[in-house]
Amino acid sequence: MDYLQSIEITGPSARFGTGEYNEFRYEPLPCPSSIRLVEIDATRETQAIEKPRIECSLVTVDLDSSPVFDALSYTWGYPLGEGALPIDHSSFQERKWPILCNGRILLVAANLWDFLHKAATEFPPDFNPKFAGIRAYPWQRSRYIWIDAICINQEDFDERSTQVTLMNRIYTQAKSVIAWLGADNGTTSAALEGLVRVALLDRAKANEAFISGRFNAAALGLDDIPGDTWAALYHYFDRVWFTRAWVMQEVVLARELVLLCGSLFTTWDVTSLAVSFLSNSGWANRFASQMVEFGGKPPFHGRVGPRAKSTKKWPRADVTAQGVKIMEQVMITRRAIRGKARSSDGLFSDLSLESLLAKYRPCQATDPRDKIYAALGVAKAGLPYAMIKAQLDKIVPDYRASVASVYTDAVRIMLASAGNLRILSHVQDKSHSKTPNLPSWVPDYSIPITADPFESMLVSFSASSHSKYTPIPSSSPTNLIIQAFKLDTITSVGTTDGPLLTRIAKPVSVLRPFYGQKAPRRVNFIRIPSTAPPGREDIFIPVHPPGSTAMATKIDALWRTITANTMEGIHPAPQHWQSAFSDWICLQVCQAMDKFTASGKSEVAEAELEAVCGALDLLKVDEKGGYAECAHLEVMGGVYDQMARRGGWGVEVPTTGAGTRIVPDSVRLRDVALRISGRKEGVVWDNGRVERFMNQADFVTDHRRAFSTADGYLGIGPASLEEGDGLFILAGADYPFVLREIDGGYEVIGEAYVHGIMHGEAVREEKFRFSPITLVRR
């Protein structure tokens with residue numbers, strides 16, 4: 001008989017196998033600190049059905065009496081990740097698997113049933129399961145276990161809300177937390193073996209690799225780990241447990257943590273050492289390529305040759321890396337909450353609710369409200385300030401409230417306690433919003449943010465000159481009244497598709513030769529010493545009011561804008577990075593040329609090449625403006641076109657003169673192209689520097705849109721911005737914001753980087769005045 005068909009519930013009773021049982025009914029808990037605990041009995045084999053019958057007992061205890069118990073951390077749905085989804089994976093979420101609880105039928109989800117079966121048959125309280133680790137580790141589970149799906153009446157919203165407020169105490173007081181990762185998928189043993197091997201590797205070498213950007217498998221000690229082991233680790237970190245929102249609380253607060261996968265378990269110490277190496281070395285981001293490189297088999301897609309370079313058959317490598325990154329953040333939060341934060345943790349050890357929500361935003365939750373409630377328990381446990389705790393106590397779990405109201409109420413409380421508008425930087429692009437009826441000023445925590453906030457660069461900006469946010473009462477719960485100043489209007493916007501050079505071309509093309517030059521007046525610039533090595537040029541950035549007559553060109557403004565004027569954590573970016581910008585332009589054109597010739601000169605590739613070359617033409621400056629480096633750009637478009645039509649780089653091209661050019665001439669471009677292709681020696685080409693420049697430019701511009709304003713500012717803002725949107729300085733915000741005027745107020749479009757006003761320059765203008773505006777719902 002099929003196991004699920006063996007149960008038939010009719011009214012208050014149910015038939016299970018050959019027996020008839022009443023359906024389980026919860027009794028109310030006696031006091032606010034009461035919880036229920038599960039005692040798992042041995043399973044009983046039955047002849048009538050194909051699976052054994054699981055029996056357990058529920059007991060009620062008071063947390064104040066310090067009971068001895070373990071707590072379970074697991075996922076309600078399918079545990080193995082989307083890379084291994086079965087056809088009927090949605091059924092894993094349903095509670096339809098019967099167990100006997102206090103002699104009555106209770107239904108649980110499939111993954112929990114698997115755990116209960118393992119606990120009953122393979123590791124009862126007096127049994128020490130097989131340990132995969134660096135050294136022997138004696139661990140035995142407690143007699144009683146707290147399991148949310150069983151110990152909380154899920155149909156009683158009031159009880160759910162009350163019990164959720166106790167969860168930080170539950171996981172803090174538990175003797176150990178058992179992380180159930182799910183059943184063995186055939187790779188568990190190899191994965192845990194690989195985990196131990198990686199945990200033993202030299203982390204100093206990992207740090208050196210991360211800093212240098214050079215990832216050498218042999219130097220890191222990875223070359224003797226076979227590809228199938230990497231594939232097993234891929235499957236391991238692809239498990240859903242690693243990206244659960246509640247992991248933040250369950251792992252961070254645990255006194256002792258064991259990770260159970262199938263019939264094997266390992267400890268948090270082993271896991272954290274391995275995660276530290278994978279993350280610090282940057283190797284987590286190379287899961288796909290390293291498995292293929294060392295002969296691993298891609299999941300469910302057949303075999304790949306041992307030296308193959310393609311990673312298309314590893315579609316979830318980014319998710320696997322995300323699991324490693326979340327575990328790294330858990331490590332840092334865990335150290336911080338125990339008062340053992342390292343100096344290298346820096347701002348990542350911030351335990352405020354706002355910071356926790358931002359750092360764990362990629363995590364998933366079955367109920368979107370739990371994104372707030374899971375972080376709330378950690379924030380309350382970690383913050384020592386009574387005043388802040390009093391503010392957090394105003395956030396009371398309520399599963400009757402809508403997701404929008406839970407998020408809105410929490411954000412309003414965070415704004416009041418923070419005294420700034422930093423949280424507005426975490427508002428997602430409006431095209432990605434998912435939660436209905438959410439105000440435009442409230443982040444949608446149910447979804448990951450596509451463009452990381454600029455604050456993650458850890459650079460100090462203050463467009464509002466360190467002004468503060470002060471709450472202003474509003475008659476509408478969905479409105480937020482703030483102090484703001486409209487600085488400018490967006491008049492030209494770039495695109496979001498295609499090569500970066502073409503995406504930024506339109507707003508750059510309308511800028512005047514000297515950045516900040518306006519009509520009818522000129523904005524002056526002062527000379528600020530560069531952070532470049534001695535002997536390098538100084539740089540120019542604009543300030544208000546006027547300081548001197550030295551002015552920067554729009555080319556300088558361009559490369560500083562697409563990097564947020566920051567390179568390798570240094571702001572302002574040293575002037576010597578200008579040469580990397582030049583080589584980056586070379587690379588953009590070379591890639592377009594290669595694509596054109598490799599495609600047999602297809603129309604699509606030719607259109608892209610023409611777009612890139614046309615974008616270069618738009619960068620040129622009038623020779624009378626004194627910027628000789630760009631004077632030759634007027635002929636470049638034609639030169640590139642001739643080179644393409646004559647079959648690539650193997651032709652003679654005109655020489656446009658000598659001298660160092662920010663935007664390279666055709667000779668430099670041809671030389672670099674030949675150097676990249678390996679056909680010419682002697683051309684200076686620092687691929688590492690160009691790659692680092694590209695990485696920073698990608699971080700700043702990906703999922704964002706370039707724009708310019710009526711007064712000639714250049715900026716990078718949210719993808720959904722439009723011509724006619726306003727550029728505002730907000731009291732209490734470190735970044736300028738793009739707002740859109742709609743009926744009843746303004747809609748938040750998102751934060752922006754605008755070159756020349758990031759350090760309070762606009763605030764010092766004579767016309768500057770803050771005035772109240774209302775941010776409303778979209």
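This report covers the nonpolar cores, aromatic pairs, charge-over-ring contacts and salt bridges of a predicted model.

## Nonpolar cores

The largest nonpolar core has 140 residues. Those with the most contacts inside this core are L112, F115, W146, I147, I150, L730 and L775. Helix α15, which spans residues 403-418, supplies the largest share of the core, with 9 residues.

F115 can be followed in detail. With its neighbours within four places in sequence left aside, F115 is in contact with I40, L72, F123, I145, I147, I178, W180 and L260.

## Aromatic pairs

The structure holds 19 aromatic pairs. In one of them, the ring centres of W241 and F242 lie 5.2 Å apart. The planes of these two rings stand at 85 degrees, so the pair is edge-to-face; an angle over 60 degrees is what counts as edge-to-face. Both W241 and F242 are buried. The two residues also belong to a cluster, in which ring pairs link them with Y236 and F237.

F768 and F770 form another edge-to-face pair, with 4.8 Å from centre to centre and 75 degrees between the planes. F768 has a relative accessible area of 7% and is buried. F770, with a relative accessible area of 30%, is partly exposed.

## Charges over rings

Two arginines are placed over aromatic rings. The charged end of R704 sits over the ring of F454, at 4.0 Å from the ring centre. R689 lies over the face of W577, and here the distance to the ring centre is 4.5 Å.

A search of the whole structure finds 22 salt bridges. One of them joins the side chains of E159 and R36, with 2.7 Å from N to O. E159 lies in helix α3 (residues 157-173), and R36 lies in strand β4 (residues 34-40). The pair therefore ties together parts that are 123 residues apart in sequence. Both E159 and R36 are buried.

The side chains of E747 and K430 meet in another salt bridge, at 3.0 Å from N to O. E747 is in strand β21 (residues 745-751), while K430 is in the loop between α15 and β14 (480-493), so this pair ties together parts that are 317 residues apart in sequence. E747 counts as buried, at 4% relative accessibility. K430 counts as partly exposed, at 30% relative accessibility. Helix α15, named here as one end of the loop that holds K430, is the helix with the largest share of the 140-residue core.

## Other salt bridges

D367 forms a salt bridge with R369, and the closest N and O atoms of the two are 2.8 Å apart. D367 is buried, with a relative accessible area of 12%. R369 is buried as well, and its relative accessible area is 13%. Both values meet the requirement for burial, because buried means under 20% relative accessible area.

Salt bridges also form a network, which links D350, E354, R422 and E455.

Technical notes. Residues numbered from 1 in each chain as written. Predicted model: local features only at pLDDT ≥ 70, side-chain atom pairs only at ≥ 80, totals over all residues. Heavy atoms only, no water. Phe/Tyr/Trp six-rings, centres within 6.5 Å; stacked < 30°, edge-to-face > 60°. Buried < 20%, exposed > 50% of the residue type's maximum accessible area, 1.4 Å probe, protein only. Lys NZ or Arg CZ within 6 Å of the ring centre and 35° of its normal. Core = buried A, V, L, I, M, F, W, Y, C linked by side-chain atoms within 4.5 Å. Helix = DSSP H or I, 4+ residues; strand = E, 2+ residues; numbered from the N terminus. Contact = heavy atoms within 4.5 Å. Salt bridge = Lys/Arg side-chain N within 4 Å of Asp/Glu carboxyl O.
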